[in-house]
Amino acid sequence: MKNMKNISLVLIVFFACVSCKEYLDVKPKGEVIPKTAEEFGALLNSHLNEIDEGYDEAILGNPMEKFELECFGDNVENSLTRNVTGMGAIPKYRLNSFRMEYRGLYSLIRNCNLVIHEMKESDTDLAKSCYATAYAMRGVAYYNLMRLFCEPYNKEKAEEQLGLSIVTRFD
């Protein structure tokens, strides 16, 4: 009888220690990979919604910022550091703020790569539309990166010119 109690105690402890290990594991926000085409579509819809509302910084850019830079570009005698009569100086923060645009464009590319390589559905209309949207948005993001950060192509210096980091896989 004492032997039965010991065996049952050992079995209870054994099953308690090897029970469902992942039961209390909670995935942090932002680390859950979508599974269905609807979830992938929601990932792209956040970017598309920003475009519709006019708040998109990555694809279209901020219209007020473009207007401000156009005003500075039209005034040839504008100072880069001090105020000129009738026109202010180009803000110093603007001359060094492209890192946010770089980060925003590559985060858009990350989301597009996630849709392109992780979505398993391919035969529904929603899946096809998600693939097409992801490819188009990724292409525009690379175009904007090239426009902002690359030198114009020069055939004589083609071997020496630097280019972009092309990221084609979600990791």
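View 1. Phe 149 counts as partly exposed, at 34% relative accessibility; here buried means under 20% relative accessible area, exposed over 50%, and partly exposed in between, using a 1.4 Å probe and protein chains only. Keep in mind that this is a predicted model, where local features need pLDDT of at least 70 and side-chain atom pairs count only at pLDDT 80 or more, while totals for chains, interfaces and linings use all residues. Residues are numbered from 1 along each chain as its sequence is written, and side-chain values use heavy atoms, with hydrogens and water left out. Searching the whole structure turns up two aromatic pairs. In one, the ring centres of Tyr 102 and Phe 149 sit 5.3 Å apart with planes at 90 degrees, so this pair is edge-to-face. For the rule behind that: rings of Phe, Tyr and Trp (its six-membered ring) pair if their centres lie within 6.5 Å, and planes under 30 degrees apart count as stacked, over 60 as edge-to-face and the rest as tilted. Tyr 102 lies in helix α5 and Phe 149 in helix α6, so the pair ties together parts 47 residues apart in sequence. Tyr 102 is partly exposed too, with a relative accessible area of 37%. Ring pairs join Tyr 102, Tyr 106 and Phe 149 into a cluster.

**View 2. Phe 98 in helix α5.** You'll find Phe 98 in helix α5, which covers residues 98-118. (Helices are DSSP runs of H or I with at least four residues, strands are runs of E with at least two, and both are numbered from the N terminus.) Phe 98 is partly exposed, with a relative accessible area of 29%. Leaving out residues up to four places away in sequence, Phe 98 touches Leu 148 and Phe 149, where contact means heavy atoms within 4.5 Å. Phe 98 and Phe 149 are 51 residues apart along the chain, yet their C-alpha atoms are separated by 8.9 Å.

**View 3. Asn 144, tucked into helix α6.** Asn 144 belongs to helix α6, residues 125-149. Is this residue buried or exposed? At 6% relative accessibility, Asn 144 counts as buried. Apart from neighbours within four places in sequence, Asn 144 is in contact with Ala 58, Ile 59 and Leu 105.

**View 4. Helix α6 from end to end.** Helix α6 has 25 residues and reaches 36 Å from its first C-alpha to its last, close to the 36 Å expected at 1.5 Å a residue. That expected span is 1.5 Å times one less than the number of residues. Buried residues of α6 include Cys 130, Tyr 131, Arg 138 and Leu 145. Among what covers them are α2 and α5.

**View 5. Where α2 meets α6.** Helix α2 (residues 37-53) packs with α6 at an angle of about 35 degrees, their axes 10 Å apart. Axes are lines fitted to C-alpha atoms, for helices over the stretch in contact, and angles run from 0 to 180 degrees between N-to-C directions. On the α2 side, the contact includes Phe 40, Leu 44 and Leu 48, while α6 brings in residues including Cys 130, Thr 133 and Met 137.

**View 6. The whole chain.** Stepping back, the protein chain has six helices and zero strands. Buried residues make up 25% of its 171 residues.
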